[in-house]
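Colleague: Hi! Could you walk me through this model and its ligand?
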Amino acid sequence: MTKSILDYNTVELDKNDNCVIIIDQTLLPARTELIKLSTAKEIWDAIYLLKVRGAPAIGVAAAFGLYVLSVQISDEIRSGSDMQKDSGTNVETAAGADEGTRFYEAFLKQKDYLNSSRPTAVNLSWALNRMDRVCKAALDEGRPLEEVIGVLYKESMDIQQEDIDTCRKIGEYGLSLIKKGYGILTHCNAGQLATSKYGTATAPIYLGLEKGYDLRVYADETRPLLQGARLTSFELQSAGVDVTLICDNMAYSVMKKGLINAVFVGCDRVAANGDTANKIGTGGVATLAKRFNIPFYVCAPTSTIDLDTKCGDDIKIEQRPDTEITEMWYEHRMAPEGVKVYNPAFDVTDNEYITAIITENGIAYPPYSDSLKKLKPHK
Ligand code: MRU
């Protein structure tokens, strides 16, 4: 039997080869190609170029990436070799510094470098900070590098496993808001390809499928990078979900026709007041949903909730290259040379448009300044 896209891990750690393996999502749906990432630059590029994308998957890839780089740093230090210029692991040969200090210095440089790959999804810094915390604690206890590496390995694997468990729970809470036969609209890809399994916005849909809910899903194509067309419609179709692809500007039409009972989207960062950054266009869908009295649900692992960010205005929005709009995906450039382009990758949906935020710890309702605090653990 041929493998479905859902049979692949979005992100995997290959301990023997000390590398991260990802599905190159820029090639989907035409080709399913796995690529190995071993150097800091390869990992950074894969995140920036959206070969691996989606907030939770970016976090997992970064954690695995930092583990891989930590092994290289530790090998270099322990072998006393002078290969730092080639390997790019940033090990400085500070005279007199002990192994732990040298390791941690190089570790922090790599952590900061990976953290600079994309600004909006908070899962990136969240996962890297988790790796940092356990690394520092192990070093402070005076544990040898070999053991520090073991601790980092465990933390990165925990981050991946927790992502799977989290998405499943979001699916269960999400399904409690859905009735059999519902029409659901989603934007971008908050599916399995954006996480370790199930997805966030798609998790209720996958669980609904298992339970015979007979759902109809409308997937926005999601210009300019077409995550909805290339990824969401692909993975839902592969799973046997009744999915219909629409252009972004058709949401009004399907809502007006009464085809949509609920909107489910993912998110890249939820501010303390419930304002939510997600793929560009999400705010427009939320506004339409309010116009038609359709519930608008944001699926958010608590790792995506950033209580340190007060409101949406404080969320940094990534700007991406002009060519994503003017020529990418076209056989010939579709815009005049030199035309000005505005290409923000995300927008912020104001909390007043959000009916509920579905987390692995329960469903948050307005006022979000209270409800989110109760659901977000301290870790
Ligand atoms: O630019 P992308 O493809 O990384 O954007 C992804 C999204 O906006 C998703 O909706 C979000 O990260 C949630 S994924 C569960």
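Colleague: How far is a polar side-chain atom of Asn 278 from an oxygen atom of the ligand?

Modeller: The distance is 2.6 Å, a polar contact (a pair of N or O atoms within 3.5 Å; within protein, one must be able to donate a hydrogen and the other to accept it, and residues adjacent in sequence count only if both atoms are side-chain atoms). This is a predicted model, where local features need pLDDT of at least 70, side-chain atom pairs count only at pLDDT 80 or more, and totals for chains, interfaces and linings use all residues. Residues are numbered from 1 along each chain as its sequence is written, and side-chain values use heavy atoms, leaving out hydrogens and water.

Colleague: What other ligand distances can you give me, for Gly 54 and Asp 268?

Modeller: A backbone N or O atom of Gly 54 is 3.0 Å from a ligand oxygen, and for a side-chain N or O atom of Asp 268 the distance is 2.9 Å.

Colleague: New topic: is the peptide bond from Leu 28 to Pro 29 cis or trans?

Modeller: That bond is cis, with omega near 5°. Most peptide bonds are trans.

Colleague: What about Arg 223 to Pro 224?

Modeller: The bond there is cis, with omega near 0°.
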